[in-house]
Amino acid sequence: MTKIHLDRAHLHALYRQMLRIRRFEAKCVELYQAQKIRGFLHLYDGEEAVAAGVMAALDPRDAVVATYREHGHALAHGVAMNAILAEMLGKLEGCCRGRGGSMHLFDRQRRFFGGNAIVGGGLPLAAGIALADQRLRPGAVTACFFGEGAVGEGAFHETMNLATLWRLPLLFVCENNLYAMGVPLADSESETDIWRKAQAYRMAAEPVDGMDPVQVETAAQRAVEHLRTGQGPYFLECRTYRFRAHSMFDTQAYRSRDEIEGWKQRDPIERLRAWMAGNHQLTADESAAIDAAIAAEIDAALAFAEAGTLESVDDLERFVLMDDVVQEAAPCG
Ligand SMILES: Cc1ncc(C[n+]2csc(CCOP(=O)(O)OP(=O)(O)O)c2C)c(N)n1
């Protein structure tokens with residue numbers, strides 16, 4: 001049976017990771033409003049328990065594929081905050097030389113394979129990575145995160161089918177936040193218990209409270225044990241909610257203030273903080289120290305990103321042809 005060690009240090013690590021993501025994104029909002037971050041910006045507020053909980057069950061040999069709402073996944077899988085923020089500011093020092101931006105974070109050495117702007121686009125990629133790992137890195141797992149909006153895509157069903165057929169070490173993590181942009185789940189899906197779709201593909205699957213990092217991690221540990229022992233793919237439907245707009249501009253006419261406020265009562269960060277404080281697991285001093293460490297990390301990342309360089313226009317055609325990529329890319333981690 002899967003057990004996680006809920007000692008003080010582990011609880012603090014889960015809390016710190018979620019808060020780090022939340023505060024990092026709050027800084028991104030400021031930078032966006034100051035027009036230092038351009039383009040789209042999709043925030044993960046409210047959903048942090050999913051990335052923090054799943055990543056706590058993974059280790060560095062494992063691969064991660066995510067969506068355009070992926071700052072938290074990249075941070076939690078070990079991509080450096082410096083490189084992420086520099087990327088978002090379009091600087092050469094960014095994890096994709098400033099060419100990817102917010103939606104396309106990528107770090108081959110950390111095995112973080114995007115950042116994907118196409119809904120459902122990460123799923124077939126994840127299947128390919130899992131297939132390669134099945135042969136080249138036995139025991140490694142690929143975790144693929146996607147929204148419930150992706151489950152109407154053909155690529156979702158094709159990937160599910162092949163994952164079971166080939167017993168791929170692939171962890172499907174559906175982040176069901178109830179809305180695909182402005183479309184409520186019940187208006188687009190005949191089966192709103194998303195995890196049940198996996199049963200049609202004979203895949204192990206379960207729904208999870210995505211507002212609770214401990215429950216997410218426990219389920220993810222169960223899944224990873226199953227995957228590492230070659231028992232085929234696993235599907236987690238993490239039920240969660242985004243507290244903010246889909247992207248930076250969205251009137252949110254599709255949901256009520258009461259609904260948003262109701263979900264905010266279940267804020268994963270605040271709930272864990274209150275539980276730890278009430279159970280002698282977090283003192284005021286410890287909480288202040290976590291706050292200060294996160295603030296210092298963000299300040300340092302911002303200084304690094306702002307001091308970075310914009311790519312020269314002369315380099316515009318580099319990395320367009322495969323020869324440049326092969327010759328100049330860093331060795332695979
Ligand atoms: C193939 C494709 N179709 C449409 C879009 C436009 N689009 C961007 S985000 C989005 C909603 C996706 O919702 P969901 O998968 O639930 O993820 P969430 O944004 O809620 O995290 C859509 C339709 C797209 N990016 N790709």
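A salt bridge is taken here as a side-chain nitrogen of Lys or Arg within 4 Å of a carboxyl oxygen of Asp or Glu. In this predicted model, Arg-22, Asp-45, Glu-48, Arg-244 and Asp-267 are linked by such contacts into a network. The count for the structure comes to 25 salt bridges.

Within helix 1, which spans residues 8–33, Lys-27 and Glu-30 lie three residues apart, about one turn of the helix. The two form a salt bridge, with their closest N and O atoms 3.1 Å apart. Lys-27 counts as buried at 18% relative accessibility, whereas Glu-30 is partly exposed, with a relative accessible area of 46%.

A second salt bridge joins Arg-222 to Glu-206, the closest N and O atoms being 2.8 Å apart. This pair links distant parts of the chain, since Arg-222 belongs to helix 9 and Glu-206 to strand 6, 16 residues apart. Arg-222 is partly exposed, at a relative accessible area of 35%, while Glu-206 is buried, at 13%.

Glu-237 is buried, with a relative accessible area of 0%, and Arg-239 is partly exposed at 30% relative accessibility.

Asp-212 presents another arrangement. This residue is found in the loop between strand 6 (204–209) and helix 9 (213–228). Asp-212 is buried yet has no salt bridge, and the nearest side chain of opposite charge, that of Arg-271, is 4.8 Å away. The side chain of Asp-212 does, however, reach the backbone nitrogen of Val-214, at 2.9 Å.

Attention then turned to the second largest pocket. About 480 Å³ of space lies in this pocket. Its lining comprises 33 residues, of which Thr-67, Tyr-68, Arg-69, Val-119 and His-246 lie nearest the centre. Helix 5 (122–136), strand 2 (142–147) and strand 4 (179–180) are the elements that give two or more residues to this lining. The largest share, four residues, comes from strand 2. By residue class, the lining of the second largest pocket divides into 17 nonpolar, eleven polar and five charged residues.

Technical notes: Residues numbered from 1 in each chain as written. Predicted model: local features only at pLDDT ≥ 70, side-chain atom pairs only at ≥ 80, totals over all residues. Heavy atoms only, no water. 1 Å grid on protein atoms, 1.4 Å probe; cavity = no way out; pocket = protein on both sides within 12 Å on 5 of 7 lines; lining within 4 Å. Points joined across faces, edges and corners; volume = space filled by probe spheres on them. Nonpolar A, V, L, I, M, F, W, Y, C, P; charged D, E, K, R; others polar. Buried < 20%, exposed > 50% of the residue type's maximum accessible area, 1.4 Å probe, protein only. Lys, Arg positive; Asp, Glu negative; His and termini not counted. Polar contact = N/O pair within 3.5 Å; in protein donor to acceptor, adjacent residues only side chain to side chain.
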